[in-house]
Every structure is written in structure tokens, then in C-alpha cells.
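Please keep the sequence and the model in view while reading.

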Amino acid sequence: MTSHIVVIPTRRAHSNHAEVARSIGIDIISGRYAAGARLPSDAEMTAMFGVSRPVLRESVKTLVAKGLLTTKARVGTVVRDRSDWNMFDPDVLAWHLDAGIDKRFLADLAEIRLAIEPRAAALAAERRSEDDLVAMSKAMALMEREPSTSVAFAEADLALHIAIANASGNPFMRSIGAVIEAALRASFVLSAPVETADRDTVLVWHQRIIDAIAAGDPEAASEAMIEVIYNGRRRHALSAARSDQK
């Protein structure tokens with residue numbers, strides 16, 4: 001089965017070593033350097049990037065810290081298995097978007113969302129303030145106003161989910177929401193409801209989350225959030241199927 005890949009460009013790095021780390025990171029994530037592969041020698045890499053050896057070494061140290069590489073005596077610099085990567089690192093997530101996110105990435109993202117967001121919604125129903133409800137309502141109003149396939153619609157969707165994480169009152173949930181913000185934004189862009197019926201479904205279920213939180217109903221808020229995430233997964237699958245047919 002082919003893997004539907006979509007590239008979502010992110011910001012460029014601001015220093016030489018950060019840009020080299022970004023380039024190598026994207027090559028690792030895209031599979032140019034597979035798990036267990038050894039990177040070219042320092043001499044080859046410095047020539048390839050046109051940088052000094054200290055800049056290259058700083059780049060490698062960055063990638064080691066993020067779990068993508070390991071250095072071994074008499075072996076060299078080796079790519080680590082994907083399971084060792086720090087997927088909550090903002091750079092690693094950004095490099096996935098640059099390399100091209102595929103079905104596996106979206107499935108993994110949906111799984112972590114299912115593990116966190118329904119509970120965040122339930123907690124929000126117990127702890128939300130009036131200001132939290134105002135933030136959610138503003139985001140919902142933007143979703144209703146903006147075209148479904150616009151960036152503004154995805155941004156409003158993201159704002160709603162971040163508002164719910166904030167309303168949970170749990171700092172870990174707030175932090176996770178902030179860390180995976182770029183991945184969520186990309187996911188929402190790719191799962192934009194194209195058909196009118198899909199748009200109506202998206203709006204109805206998001207409003208149900210807000211209504212349940214406002215009513216102080218944790219179970220209903222959690223169930224509505226689960227449905228929203230599953231609806232997004234179904235749209236991702238349909239979008240990938242259409243692309244594969246082209």
C-alpha cells in the first residue's frame with residue numbers, strides 16, 4: 001500500500017549548526033539515512049554543507065540530544081531507531097512536517113490525541129472558567145465563519161483545542177498541546193471538511209464539546225472529543241484514498 005505523504009514547510013533555522021542539524025534530521029526522518037546506518041565521515045559532511053568541523057559537531061550533538069543519532073567509538077555516528085526519537089521535541093515534529101507527514105505519522109498523532117484530549121475535555125467540564133468558555137466560543141464562531149479549506153479554519157480549530165487544554169487546569173496537558181501545536185495544525189489542514197455534510201458534522205461535534213463543558217458534563221465532553229478525533233481520522237483516510245487514485 002502506498003503511503004500518502006504531504007509536506008508542510010516550516011520555518012528555517014537561524015544558525016549554521018541549527019540548519020545543518022535540520023537538514024540531517026530531515027534526511028533521517030525521510031529515510032535517506034535508515035535506522036542503523038552510519039553517517040558519512042566528518043570530512044565528507046563538512047564538505048557537503050560547507051561548514052567547519054566544530055559546526056558539524058555541534059549539529060551532531062543536537063541530533064544526539066533529540067534521540068536521532070548516537071556516536072560510538074570506532075564506529076562513528078549512527079542513526080537510531082524511530083522508537084528512540086523524541087517525538088515531543090518541537091524541532092523533530094517540525095522536521096516531520098518538512099520531510100512529509102504520512103499515514104503512520106497521522107495515525108500516531110491520533111493515538112496520542114485519543115490518550116489525552118478526551119480526558120482534557122472531561123477535566124475542562126469540571127474546572128472551566130467563564131473566560132475559558134468565552135475563548136472556546138470565539139474559536140467556534142471563527143470556524144463557523146471561515147471556509148472549511150482555509151488556513152483560518154484550521155487555526156480556529158486549533159485555537160479551540162488549545163482552549164480546551166487550558167481549561168483542563170492541568171499544566172501537563174497545556175504543555176503537550178503547545179508542543180504538538182504544529183502537528184495539530186497540519187493535521188487539521190489535511191482533514192479539512194470539503195463536503196458540506198462533512199463541514200456540518202465537524203461543526204456540530206465541536207459545538208457538542210463546548211456545550212458539554214459548559215454544562216459541566218465530563219462524560220459527554222469526553223465522548224464528543226473522541227468522536228471529533230475519529231471523524232478527523234476518517235477524513236484523513238478519504239483524502240489519502242483520493243490522492244492515491246490520481
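Two residues are said to be in contact when heavy atoms lie within 4.5 Å. The model discussed here is predicted.

**The chain as a whole**

The protein chain contains 11 helices and two strands. Along the sequence, these elements follow the pattern α-α-α-β-β-α-α-α-α-α-α-α-α. Some overall values are collected below.

| Property of the protein chain | Value |
|---|---|
| Span of the C-alpha trace along its principal axes | about 65 × 45 × 30 Å |
| Accessible surface | about 12500 Å² |
| Part of the accessible surface that belongs to carbon and sulfur atoms | 53% |
| Residues that count as buried, of 246 | 42% |

Contacts between residues at least 6 apart in sequence were also examined; of these, 72% join residues at least 24 apart.

**The packing of α7 and α9**

Two packed helices are described by the angle between their axes and the distance between the axes. Helix α7 covers residues 151-167 and helix α9 covers residues 181-190. Their axes come within 9 Å and cross at roughly 130°. The two helices are therefore oblique to each other, and the crossing in which α7 passes α9 is right-handed.

Which residues of α7 and α9 meet? On the α7 side they are Ala 154, Glu 155, Asp 157, Leu 158 and His 161. Their partners in α9 are Glu 181, Leu 184, Arg 185, Phe 188 and Val 189.

Terms used
Residues are numbered from 1 along each chain as its sequence is written. This is a predicted model: local features need pLDDT of at least 70, side-chain atom pairs count only at pLDDT 80 or more; totals for chains, interfaces and linings use all residues. Side-chain values use heavy atoms; hydrogens and water are left out. Axes are lines fitted to C-alpha atoms, for helices over the stretch in contact, and angles run from 0 to 180 degrees between N-to-C directions. Helices (H or I, at least four residues) and strands (E, at least two) are DSSP runs, numbered from the N terminus. Angles under 35 degrees count as roughly parallel, over 145 as roughly antiparallel, 65 to 115 as roughly perpendicular and the rest as oblique. A crossing is left-handed if the near helix is turned anticlockwise from the far one by less than a right angle, and right-handed if clockwise. Buried means under 20% relative accessible area, exposed over 50%, partly exposed in between (1.4 Å probe, protein chains only). Accessible areas come from the Shrake-Rupley method with a 1.4 Å probe; for residues, only the protein chains shown count as cover.
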